[in-house]
Structures are given as C-alpha cells and as structure tokens.
Amino acid sequence: MNVSILRTADAWWVQTQSGAARISTDAATTAELLADRAAIENAVHSTNTMPVESLPLVSPVTTPCRVVAQATNYASHVRDVGRDPAKTPLTFFRKASGSVAGPFDDIVKPPHVKLLDYEVEIGLLIGRELPVGTEVTDANLAEYVHGLLVTNDVSARDVQMTKAQFYESKSYPTFTPVGPALVLVDADELKRFGDLRVLLKVNGEVRQNMVVEGDMLFSPVQALQALTKFQKLDAGDIVLTGTPVGTAITARGVKNPHQADIATFLAAQANNPNYLQHGDVVEATVFTEDGAIDLGTQRNKVVYA
C-alpha cells in the first residue's frame, strides 16, 4: 500500500485517513528520510494527527538534487508540435535544482520572458544510488524508483526557441513545482504506472488530460536504461517523464512549422492566448481512476515579476 509523505519547513509528515502524522526523524533531506523507513512506518500507525489543510507544505523533494527530464515523450504532444512520434528518439535534458518550488508557491515569470508555458509531468523519485552501468529491468525497477510525484515543467518558450536549448528556459526559480506529496509505491503499484492520468487546468479550464498507457513513448524502465549509460543518479534525485498534448506551444495553425524561421514561429505564438498570464491559477494532478494511487493536486498562481 502506498504512503504519502508531506513536508513542511520544519518537519516531515505522513498523510493518513485522519490527517497528517508527524514523522519522528532527524532527516534533513529526502534521501535521509528514505533511509529512515522505521520512522515512516511508526507515523503511518500514529493516531496523533492534524489537518493536512493546516500545514504550509513545501516541496517533498529537497535540494540540491538532480532534476532530469525526458523530452517529447508523449505521442500526442509530439504530433501537436509538428513531429512524427515514430521518428522521435529518447532524449533528456537537465533542469537546475534551484527551479524546484513548493506545490502552492507562486510561479514567477522573469520580466524578459514573453511565452510562459506549463507541462504537467509524473516525477520518478530515485530511492537509492543508481551508478552508470546499472542494469534496470521491469523486475528490479522498484529497487530504484521509490516514489512518484506531481511535477510541472514550466518553460519559457521564447528563450527555449531563440537559444535552441532547454536548460536556461526551464531552470528559472519556481519553474519546477513539486508535490504536494511524495507517494512511496511498491513494485505492484509501479506496474500500474500506465493507468495514471495526468491532468492540468488553468483557471479551472482543462488544458491537459491524458492516461499514460497508449500515449507515452518511452517507459520509466526504458528511460532509466538509457540514463544509466551515461548519468549517475542518487537517492533524492527526480526524473520527469514528459507531458501530453495540451501545452500552450503548438504547431497547429503554423504552415510548415519546421521550415519556418524562429521569428516567424514566435510571432505566431505571440497571438496564442493559452500562454500563462499574470494571475492565472495552474492546477496539476495525477491519479488512477480507481483512486488506488493519488499523487495529490498542486495549485500555483502565476506572478509577473
């Protein structure tokens, strides 16, 4: 049975049916908490709880950590940006861990950014060291992936397009809201990864809504198999697994998008009302339809600096 871990600035908590039970631990980092399973288990059975709503939650993933993301990993999103899923390789990019924010923090747009976008994603929480050369399989995936989280890969599309790179455009402070919960899962629950639905709303309007199975191009096992060829991961690192159709950026309405120059493409995007505006409220959630796995809902207000 999965366990939902919450974090405030001064404590760790387990979410139970009656509320939030404080974990008696000295853990300062997510990695240290994962190593203190006895404390987590004690909190699971605690009757001393308080309302979850009363907790000022912060990201359950502490920083610094590695934030690795899969690019164009849902067929629907690949088609929407004018590409062919059958010709799309498995690729990664890094985000600065300074971009990690809490589940209810403001998303702050830097003054020079014009096209602010959203991408709801499922985050994999690495639970133990994953050295280069490690063989990851369906059978041992749960030895390395200990938890799942709601994440939002906020993106400055004009910076991304003009500089032809992802790192800066996705690494500004607050550009990776994480949580509210770190949901610890077992091997059987990981097998239900394809049943997860990712859902994102802006001001109550559904923008992204997709079940993983049938749309994700490369599974978590395939992603980690590729990563371990060149990238070491440690406990507490997170891997973002891509986003489905529904982001603001789109090639719809753009004639021959991959032949158009950047200025022409960005000019077309400037007329797109779906990019995030000051005061917008972004809600992102991930869950299975039967409620067996529920990663919670993050809610972030957009603020123009």
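## Surface and charge

The protein chain exposes about 13100 Å², and carbon and sulfur atoms supply 51% of that area (Shrake-Rupley method, 1.4 Å probe). This is a predicted model, where local features need pLDDT of at least 70, side-chain atom pairs count only at pLDDT 80 or more, and totals for chains, interfaces and linings use all residues. Side-chain values use heavy atoms, with hydrogens and water left out, and residues are numbered from 1 along each chain as its sequence is written.

As for charge, the mean positions of the 26 positive and 35 negative charges are 7 Å apart. Lys and Arg count as positive, Asp and Glu as negative, while His and the chain ends are not counted; each charge is placed at NZ of Lys, CZ of Arg, CG of Asp or CD of Glu.

## Overall build

You'll find 8 helices and 19 strands in the protein chain (DSSP runs numbered from the N terminus: helices are H or I, at least four residues; strands are E, at least two). The C-alpha trace spans about 60 × 45 × 35 Å along its principal axes. Buried residues (under 20% relative accessible area, 1.4 Å probe, protein chains only) make up 55% of the 305 residues.

## Around strand E2

Strand E2 (residues 11–16) has 5 of its 6 residues buried, so it is largely enclosed by the rest of the structure. On one side, 5 bridges join E2 to strand E1 (residues 3–8), antiparallel (strands pair if DSSP finds at least two bridges between them). Leu6 has Trp13 in E2 as its bridge partner, and a hairpin links E1 to E2 through 2 residues.

E2 also runs antiparallel to strand E3 (residues 19–22), joined by 4 bridges.

Notes: Buried means under 20% relative accessible area, exposed over 50%, partly exposed in between (1.4 Å probe, protein chains only).
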